[in-house]
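This report describes the architecture, aromatic pairs and selected residues of one protein model. Please consult the sequence and the structure alongside the text.

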Amino acid sequence: LVGERLNVAMVLAGLPSAVSGTLNDKVLTFLNRATRLQLNPLGIGDIDAYYAQSFAQLEIEVPANLRRKAAVATEGSPYLMQLIGHYLTLYARDGTVSPQTLEDALYSSRYDFERDVCQTTIAALSGQDVAFLRKMAEDDGPSHIAAVAERLGVTTDYAQKYRRRLLDAGVIEASRRGMVDIAVPYL
């Protein structure tokens with residue numbers, strides 16, 4: 001298309017590790033000149049409003065408390081928002097979402113998300129990257145780098161190398177100075 005002097009625009013989204021692999025492909029070097037944007041998690045209120053509008057258009061009744069629960073379960077992930085909405089629509093009986101319908105939709109969504117995103121993310125990491133994540137998972141919430149290093153039995157400087165790798169891969173995020181948190185829902 002470019003050779004024919006036609007205007008071309010592309011919008012692509014992907015996991016950071018997959019994007020990195022694609023950008024390093026020798027045939028697709030033109031993508032390195034593309035503008036890259038880091039997408040932040042969606043707001044739970046925005047997701048709830050989107051669900052309210054979408055389910056109303058589909059004439060599916062979702063009580064506000066269940067719709068809010070569905071929005072919270074997305075943890076701001078656009079893909080989880082899509083999965084949960086899909087399964088709620090698929091499982092709604094007689095145009096109504098019950099608490100059991102929601103539980104079934106959340107279970108199916110989480111299964112798909114873990115298979116499609118979490119397993120793919122883990123598969124791209126080294127053994128030491130995964131060990132770092134396992135030690136982070138011992139905390140309920142953000143982890144101190146020094147504590148993760150101690151659990152791994154390594155120096156803080158050594159742990160910083162894996163912190164950087166996981167930050168670059170989009171698997172963790174710096175929550176505040178000296179602290180990191182897992183960025184991928186349900187990982």
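Among contacts in the protein between residues at least 6 apart in sequence, what percentage join residues at least 24 apart? The share is 57%, where contact means heavy atoms within 4.5 Å.

## Basis of the description

The model is predicted: local features need pLDDT of at least 70, side-chain atom pairs count only at pLDDT 80 or more, and totals for chains, interfaces and linings use all residues. Residues are numbered from 1 along each chain as its sequence is written, and side-chain values use heavy atoms, with hydrogens and water left out.

## Overall architecture

The protein contains eight helices and three strands, in the order α-α-α-α-α-α-β-α-α-β-β from the N terminus. Helices (H or I, at least four residues) and strands (E, at least two) are DSSP runs, numbered from the N terminus. Taken along the principal axes, the C-alpha atoms fill a box of roughly 60 × 55 × 25 Å.

Of the 187 residues, 32% count as buried. Buried means under 20% relative accessible area, exposed over 50%, and partly exposed in between, with a 1.4 Å probe and protein chains only. The protein exposes about 12100 Å², of which carbon and sulfur atoms supply 51%; accessible areas come from the Shrake-Rupley method with a 1.4 Å probe, and for residues only the protein chains shown count as cover.

## A nonpolar surface patch

Leu1, Val2, Leu6, Val8, Met10, Leu12 and Phe30 form a nonpolar patch on the surface, with about 740 Å² of accessible area together.

Phe30 lies in the loop between α1 (16-23) and α2 (44-57). With a relative accessible area of 41%, Phe30 is partly exposed.

## Helix α7

In helix α7 (residues 145-152), Ile145, Val148 and Ala149 are buried. Seen down the axis of α7, the buried residues fall within an arc of 100°, so they line one face of the helix; the arc is that of the directions from the helix axis to the C-beta atoms. Their cover includes α6 (127-136), β1 (143-144), α8 (156-168) and β3 (179-182). Just after α7, Gly153 takes a positive phi of about 75°.

## Aromatic pairs

A search of the whole structure finds five aromatic pairs. Rings of Phe, Tyr and Trp (its six-membered ring) pair if their centres lie within 6.5 Å; planes under 30 degrees apart count as stacked, over 60 as edge-to-face and the rest as tilted. The rings of Tyr51 and Phe55 have centres 5.5 Å apart and planes at 35°, so this pair is tilted. Tyr51 and Phe55 are four residues apart in helix α2, about one helical turn, and both are buried.

The rings of Phe113 and Tyr186 have centres 6.3 Å apart and planes at 75°, so this pair is edge-to-face. The pair links distant parts of the chain, 73 residues apart: Phe113 is in helix α5 (residues 99-123) and Tyr186 in the segment after β3. Phe113 is buried at 2% relative accessibility, whereas Tyr186 is partly exposed at 24%. Ring pairs link Tyr79, Phe113 and Tyr186 into a cluster.

## Surroundings of Arg67

Arg67 is located in helix α3 (residues 64-73) and counts as buried at 18% relative accessibility. Leaving aside neighbours within four places in sequence, Arg67 is in contact with Asp48, Tyr51, Ala52 and Val62.

Methods
Patches are made of residues with over 30% relative accessible area and no salt bridge: like charges are joined within 9 Å, nonpolar side chains (Val, Leu, Ile, Met, Phe, Trp, Tyr) within 5 Å. A salt bridge is a side-chain nitrogen of Lys or Arg within 4 Å of a carboxyl oxygen of Asp or Glu.
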